[in-house]
Amino acid sequence: MSRKQKTSIPSAFLRFTSLISTVSLLLLGALWISDDVYHFEEDSAEYRQEFLEIRKGEVRHEVELFLAAVAKRRGNLEDSLRENIRDRVDEAWAVADNLYRHNSGRMGREDLAGMIREALRPIRYNNGRGYFFATGLDGVEQLFADRPEFEERNLLDMKDESGKPVIRDMIRIARERGADYYEYFWTKPGSPGRDHRKLAYIRHFPALDWLIGTGEYLEDVENDLKAEILMQLEQERFGDGGYLFAGTLDGVALAGPAKGKNMLAATDANELKVVQELIATAKKGGGFIEYVMPPIEGITPHRKLSYVTLVNDWGWIVGAGVNLDAVEAEIARNRQDIMANSLKHTAMLLGLLGIVFLGQYIAARRATARLRDGLAVFMDFFSQAGRFGAALVPESQPYTELEELAATANAMIDGRLRAEKALQDSEARYRRLVDNALDAIFLADRSGRIIDANNEACQSLGYTFEEVTSLNVWDVDIHASAEGFGQVVDMLNEKGAAMLQGAHRKKDGTVFPVEVQTTVFQENGYLLVLGVARDISARIEVEEKLRQSEKTFIQLFQSSPEAILLVQTESERIREVNEACVRLFGHAREDLLGKTALEAGLYARQSDRDTILGELLRGGEVKDYELQMRHRDGRILDCVLSSQILDIGGERHHLASCHDITEQKKIQEMLIQSEKMISVGGIATGIAHEINNPLGIIMQAAENLTLRTRPDFPKNREAAEAVGLDLGLMDSYMKARKLDVFIQDIREAGVRAAFIVRNMLDFSRRGESRRTMCRVRDIAEKALNLARSDYDLKKRYDFRSIRVDIAEEPDVPAVFCSETEMEQVFLNLFRNAAQAMASAPPPGGEPRVEVRISAPRQGWVRVEVEDNGPGIPPEALRRIFEPFFTTKKPGEGTGLGLAVSYFIVTSGHRGRIHAAPGSAGGACFTVELPVQPGSTPENAELRHAQTPPSSWR
């Protein structure tokens with residue numbers, strides 16, 4: 001816009017003051033008129049509110065008054081019904097009594113009953129609903145006017161819908177009280193179902209031993225009341241045209257202008273669903289609603305206020321309404337008066353505004369003339385100062401405002417000169433900084449053309465500055481493209497900055513990897529992209545070597561056969577484990593990482609953890625520390641642990657390797673046990689031979705004493721007669737003094753000692769019995785038969801009372817063994833089970849022995865003998881197969897049974913036998929035999945299949 005087209009300050013001042021005057025007068029007039037309108041609207045609102053409150057109170061009072069009358073009638077409804085049916089029954093009883101008294105002398109009982117029955121049958125009341133019935137006290141129906149097909153039938157077992165014995169209850173009332181009311185659910189003529197509530201009154205008729213009664217359905221009585229109430233409601237009127245109305249929740253009008261019509265879909269002039277709104281308001285507990293009366297025949301639409309509420313039991317809405325158009329007509333008349341006054345006020349304001357404009361114009365002309373002269377002087381002076389660069393003299397200005405403006409102009413010119421010098425210095429400093437940077441710096445425009453670069457960028461690529469600034473970004477970076485650069489610019493616009501990976505191509509064609517920090521900024525309205533590139537060739541080489549080193553370490557770590565854990569020393573949390581560790585302890589890798597060894601449950605004893613951690617913190621390493629660890633399934637593992645402190649990433653860690661020696665310790669225990677057996681065997685042979693000679697003399701002497709004191713032997717009698725001895729008296733004396741019992745005890749002790757000697761000899765030398773292929777089940781069954789007939793066993797426990805189950809897997813092969821020796825093994829196991837259950841009865845009540853025969857792998861047969869007795873104490877489990885070790889009371893066991901069995905199985909048959917706690921709480925003995933003599937029991941896979949390591953002792 002040119003200077004001539006702009007408005008001058010005096011003109012602007014004149015226009016501004018004129019505008020202020022006009023707006024002020026108009027605002028004053030608007031406030032004046034608005035105040036009148038406001039007070040009118042306020043008065044109108046108060047009048048309307050007062051009118052509404054009065055009418056609301058009126059309609060609500062009428063509805064509540066009407067509902068109170070209805071509630072009172074409903075409250076008296078049942079009392080009226082009771083009085084009505086009692087009077088009816090009394091009338092029927094009087095008819096029956098009159099007929100009986102007048103005809104009993106000339107008619108029989110059956111004829112009298114028929115006469116009374118037919119006299120009562122046609123009687124009806126209450127618009128034909130009411131009828132009479134009569135029932136004999138024996139339950140036979142005598143009169144059923146509504147259902148004659150039930151007459152002459154015994155209805156004692158008839159029940160109503162709720163299960164009440166109706167006829168029996170009525171007979172009981174007639175007998176006990178003579179007459180009374182009875183409520184039940186019954187059928188209703190013309191209505192389906194048997195769930196209609198009915199109230200009956202019955203009275204005993206002694207002449208025929210009947211009960212006579214009648215009843216009325218409560219719903220019929222209530223319907224009669226509803227009809228009466230609706231008739232009364234239609235006649236109710238109040239106030240200026242007020243009336244009551246009623247309807248159902250389905251929208252059907254029961255009383256009012258739309259009686260009999262379904263008005264659910266009716267809408268008023270404002271599209272309000274009037275009836276639906278009335279129903280919703282009633283369901284919420286009642287309330288008021290304003291609406292326009294919908295068009296109904298004979299009624300002109302008008303605004304209406306209604307109060308409506310709900311009659312819950314009947315599903316009705318009842319309300320009252322009044323016309324609101326009267327108050328609005330009065331308010332409209334008052335509004336017309338206000339508008340007439342407002343026009344008068346507007347004319348007065350316009351006249352006043354004209355006078356103000358005239359005075360304003362004269363004053364503004366004089367003020368603008370003086371202002372124009374002062375501005376002309378200032379503009380001439382300012383023009384000269386700007387043209388020649390001289391400073392302005394503020395004191396020479398005619399006005400204070402112009403003096404301040406001159407001083408400001410001087411400061412502005414001085415500031416501009418200083419800013420230009422500072423900008424030049426900053427650009428020189430920026431150039432030095434960029435050119436001496438160790439990273440390559442590029443500046444590109446939005447199209448991807450490089451417009452600036454530092455010395456490092458040119459040297460790293462082998463280009464001159466002119467050559468670099470003639471290239472595009474994708475000429476330098478082999479991974480970039482025109483389309484891709486545009487996408488990068490869009491991404492930087494969104495995020496602001498980004499670190500990108502790329503590869504730069506030198507002038508000689510060689511390529512090297514770079515890491516580029518990029519960002520965008522605006523300069524003079526143009527978008528520029530700044531990139532700082534760093535050669536990362538050396539870093540990538542180092543990272544690759546580190547990755548290879550880590551890969552090698554991980555392969556060695558994971559492939560190690562020893563269990564290895566890497567633990568953060570301060571927190572004791574596990575950072576890494578190898579596969580051998582997962583296999584050893586049974587925990588998944590994810591379950592161990594992040595937990596301490598205590599949290600994971602790896603230590604069997606916390607004292608081991610305290611000792612290991614203390615040694616690590618004091619000396620930095622632990623070597624070959626023997627401890628017990630715990631498997632996930634609870635098994636205890638014997639292990640040897642070594643650990644050493646490491647520094648990883650500035651944090652102390654310790655690397656722990658754990659070697660499982662559980663199997664090694666088992667083998668050591670087995671070797672010790674075998675050595676015990678060998679040494680004890682040599683001792684047993686010598687003892688057995690030394691004991692046999694005197695034992696034979698003792699048994700022979702006891703036998704001779706028995707034979708030579710018998711009175712029935714001829715030689716004994718001859719010798720006695722020769723010396724004058726009475727054998728009969730001597731026999732009586734021996735029995736009186738129990739000498740015969742003593743001799744028998746000597747014989748039994750000798751037999752027992754001989755049995756012990758024979759076991760010792762069996763234990764000490766390898767059996768020479770003939771070996772054949774035998775089925776293990778047959779051997780077990782023979783041993784079971786021996787146990788059931790064993791005398792010593794019966795004396796303490798009847799084996800026949802023990803339940804023995806033998807289970808054999810299919811296709812179990814025969815075993816090359818000595819049948820008699822293996823019978824002895826199974827018999828010893830059965831003996832031990834029976835004696836254990838005799839000492840402590842099983843908690844389940846029934847003593848039980850299970851024999852399980854299986855083939856765990858090719859070439860081997862396993863036999864498990866398990867009882868549900870008290871089990872073997874842990875302290876005795878380790879010594880269970882030692883000779884002469886027993887947990888029985890003195891005299892009940894020799895301690896050789898299991899030792900001999902161990903010798904027969906291990907040395908005689910190259911098998912193995914061990915004991916463990918049973919699944920039912922008792923003991924479980926496992927015998928494993930090779931099918932052929934060439935098989936060996938040391939196979940590791942078989943050991944794992946036989947029993948969990950924690951059960952070996």
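Modeller: We'll go from the chain as a whole to cavities, then helices, then single residues.

Modeller: A word on the source: this is a predicted model, where local features need pLDDT of at least 70, side-chain atom pairs count only at pLDDT 80 or more, and totals for chains, interfaces and linings use all residues. Residues are numbered from 1 along each chain as its sequence is written, and side-chain values use heavy atoms, with hydrogens and water left out.

Colleague: How many helices and strands does the chain have?

Modeller: Helices (H or I, at least four residues) and strands (E, at least two) are DSSP runs, numbered from the N terminus. Here there are 27 helices and 28 strands.

Colleague: And what share of the residues is buried?

Modeller: Buried means under 20% relative accessible area, exposed over 50%, and partly exposed in between, with a 1.4 Å probe and protein chains only. Of the 953 residues in this chain, 38% are buried.

Colleague: Now cavities. How many of 30 Å³ or more are there?

Modeller: A cavity is a set of points on a 1 Å grid over the protein atoms alone where a 1.4 Å probe fits but cannot get out; lining residues have an atom within 4 Å of a point. Points are joined across faces, edges and corners, and the volume is the space filled by probe spheres set on them. This structure has five cavities of 30 Å³ or more.

Colleague: What lines the largest one?

Modeller: It holds about 290 Å³ of space. Its lining has 22 residues, with F245, A253, M263, V275 and L278 nearest the centre. Strand 7 (242-248), strand 8 (253-255) and helix 6 (274-283) each give two or more residues, and strand 7 gives the most, with five. For classes, Ala, Val, Leu, Ile, Met, Phe, Trp, Tyr, Cys and Pro count as nonpolar, Asp, Glu, Lys and Arg as charged, and the others, Gly among them, as polar.

Colleague: Which residues lie closest to the centre of the second largest cavity?

Modeller: They are V567, A597, Y603, H654 and A656, out of 18 lining residues. The volume of the second largest cavity is about 230 Å³. Helix 17 gives the most to its lining, with four residues, and by class the lining has 13 nonpolar, three polar and two charged residues.

Colleague: How do I check a helix's length?

Modeller: The expected span is 1.5 Å times one less than the number of residues. Helix 5 (residues 218-235) has 18 residues and should therefore span 26 Å, which agrees with the 26 Å between its end C-alpha atoms.

Colleague: Which residues of helix 5 are buried?

Modeller: An α-helix has 3.6 residues a turn, so residues three or four places apart point the same way. In helix 5 the buried set is L218, D220, V221, L225, K226, I229, L230 and L233. Helix 4 (residues 166-176) has buried residues too, including V166, I167, M170 and I173, and just after helix 4, G178 has a positive phi of about 85 degrees.

Colleague: Where is D811, and is it buried or exposed?

Modeller: D811 sits in the loop between strand 23 (803-808) and strand 24 (815-817). With 77% relative accessibility, D811 is exposed. Its phi is near 60 degrees, a positive value in a residue other than glycine. E572 is a non-glycine with a positive phi as well, of about 65 degrees.

Colleague: And E928?

Modeller: E928 lies in strand 28 (residues 923-930) and counts as buried because its relative accessibility is 1%.

Notes. On a 1 Å grid over the protein atoms alone, a cavity is a set of points where a 1.4 Å probe fits but cannot get out, and a pocket is an open set with protein on both sides within 12 Å along at least five of seven lines; lining residues have an atom within 4 Å of a point.
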